[in-house]
Amino acid sequence: MAAPIRVSPGRNHGIGGWGDALDALKDYFAILTRKKPARHWWARHIPAGLPELGVEEERLWEAHARAMRELSSAWKRGVIPPVGRGPSLLDLKVELSRRLLENCRMCERRCGVNRWEGERGYCGVGPVSRVASEFLHLGEESELVPSHTIFFSGCTFRCVYCQNWDIAMDPRTGNPADPHLLASAIYRGRRQGSRNVNFVGGNPDPNLHTILSTIALLGEEAKYLPMVWNSNMFTSSEAMALLDGVMDIYLGDFRYGNDQCARKYSDVTSYTAVVTRNFLQAFRAGEIMLRQLLLPGHLECCTKPIMRWVAENIPSVYFNLMFQYRPEYRAPLYPELNRRPSPEEREEAVTYALSLGLELWD
Ligand code: SF4
């Protein structure tokens, strides 16, 4: 029988209380209460195992696999090694993320374009990321706020109901992102009371190199500052490997329970295979806050299959059932999406969650 997971049925997400989420977010709370440094702090202490990083990509990946084993062992023992000489595992991750841009494999669209040379793939994001805005967000899940949310321009999906379409659909919006300036902004946010740094967009995937370069610049002041990957979870397997050991929370959308709906509304293929693979990987690598946005008319084809998969595969995660869908962007062109979920649909979603043994709190 599936272990209980949690569902927050409120109109806005994030109404689960601090105590309710303790089990699902054990490491996160240990970091917040300074019992354990954030994962990126460990990665900067583990040696890359190479004297320099200007070698072929295959050798970098081999070194990454070895260093990740070291990190995993150190994390389990709870002992951080002293900073060694030469590049760290975090430096190695930055280098590998930059290599991914040469033949872009940041997400599972795998466009294969050389973004360093100005080629653009599906997302249209260039070599220099752009930030549309960054601020202390008070509207995220209650466990996260105030969350220093950094909104990158551009996205790897084309959701017809996108709520952030102005920045997601135009990768040219915002200002060029300089990792040094972003690191300063993160310190400023920390002094203003941020509990974490939340990388989002659009979608963060095309900006992984900027994100890792920024994190690598952070020092002692960020030792107990958790990192949050706020994504559509269509991240490539290579990018997921680089996030492992850096991200503390995967704040991931699980939107569709089948590939047809994903294709029709977000222009994406192989959705369920990629997203389930990535949630399983995130489950091994860190802690998950899973968001399921109830779409009108999509209870049977999407919400219920997703709930079943979660209950069977990653039952102890923080599960946020979200009811705030409203028709935006091009949704009026799709009559079935041109309304809010009905009270009956909301009630049935909650009843179904309970029938699976999911735990409900608000
Ligand atoms: S991030 Fe994804 S969509 Fe954008 S260019 Fe790279 S592979 Fe293509």
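Q: Taking a residue as near a molecule if its C-beta atom, placed from the backbone, lies within 6 Å of it, how many residues surround the ligand?
A: In this predicted model, 14 residues surround the ligand, and the closest of them are Cys104, Cys107, Cys111, Gly121 and Cys123.

Q: And how does that shell divide into nonpolar, polar and charged?
A: The shell around the ligand is made up of nine nonpolar residues, two polar residues and three charged residues.

Q: Stepping back to the whole chain, how many helices and strands does the protein have?
A: There are twelve helices and ten strands in the protein.

Q: On to helix packing, then: at what angle do H4 and H7 cross?
A: The axes of H4, residues 89-100, and H7 cross at roughly 160 degrees and come within 8 Å of each other. Since angles over 145 degrees count as roughly antiparallel, H4 is therefore roughly antiparallel to H7. The crossing in which H4 passes H7 is left-handed.

Q: Which residues meet there?
A: From H4 the contact takes Leu90, Asp91, Lys93, Val94, Ser97 and Arg98, which meet Leu208, His209, Leu212, Ser213 and Ala216 of H7. By class, this contact of H4 with H7 has five nonpolar, three polar and three charged residues.

Q: How do H6 and H7 cross?
A: Helix H6, residues 179-191, and helix H7, residues 208-216, have axes that come within 8 Å and cross at roughly 60 degrees, which means that H6 is oblique to H7. Here the crossing is right-handed, whereas H4 passes H7 in a left-handed one.

Q: What makes up that contact?
A: Pro179, Leu182 and Ala183 of H6 meet Thr210, Ser213 and Thr214 of H7, and by class the contact of H6 with H7 has three nonpolar residues, three polar residues and no charged ones.

Q: What about H3 against H4, left-handed or right-handed?
A: The crossing of H3 and H4 is left-handed, with the axes of H3, residues 57-77, and H4 coming within 10 Å and crossing at roughly 145 degrees. Glu57, Leu60, Ala63, His64, Ala67 and Leu71 of H3 make the contact with Leu89, Leu92, Glu95, Leu96 and Arg99 of H4. By class, seven of the residues in the contact of H3 with H4 are nonpolar, one is polar and three are charged.

Q: Changing topic to the backbone, which peptide bond is cis?
A: The bond from Val145 to Pro146 is cis, with omega near -5 degrees, and Pro146 lies in the loop between strand E2 (130-137) and strand E3 (147-152).

Q: And where does Arg34, with its positive phi, lie?
A: Arg34 lies in the loop between helix H1 (26-32) and helix H2 (39-43), and the phi of Arg34 is about 65 degrees although this residue is not a glycine.

Q: Why pick out features like those?
A: Because most residues other than glycine have a negative phi, and most peptide bonds are trans.

Technical notes:
Residues numbered from 1 in each chain as written. Predicted model: local features only at pLDDT ≥ 70, side-chain atom pairs only at ≥ 80, totals over all residues. Axes fitted to C-alpha atoms, helices over the stretch in contact; angles between N-to-C directions. Helix = DSSP H or I, 4+ residues; strand = E, 2+ residues; numbered from the N terminus. Parallel < 35°, antiparallel > 145°, perpendicular 65-115°, else oblique. Left-handed = near helix turned anticlockwise from the far one by under 90°. Contact = placed C-beta atoms within 7 Å. Nonpolar A, V, L, I, M, F, W, Y, C, P; charged D, E, K, R; others polar. Near = placed C-beta within 6 Å.
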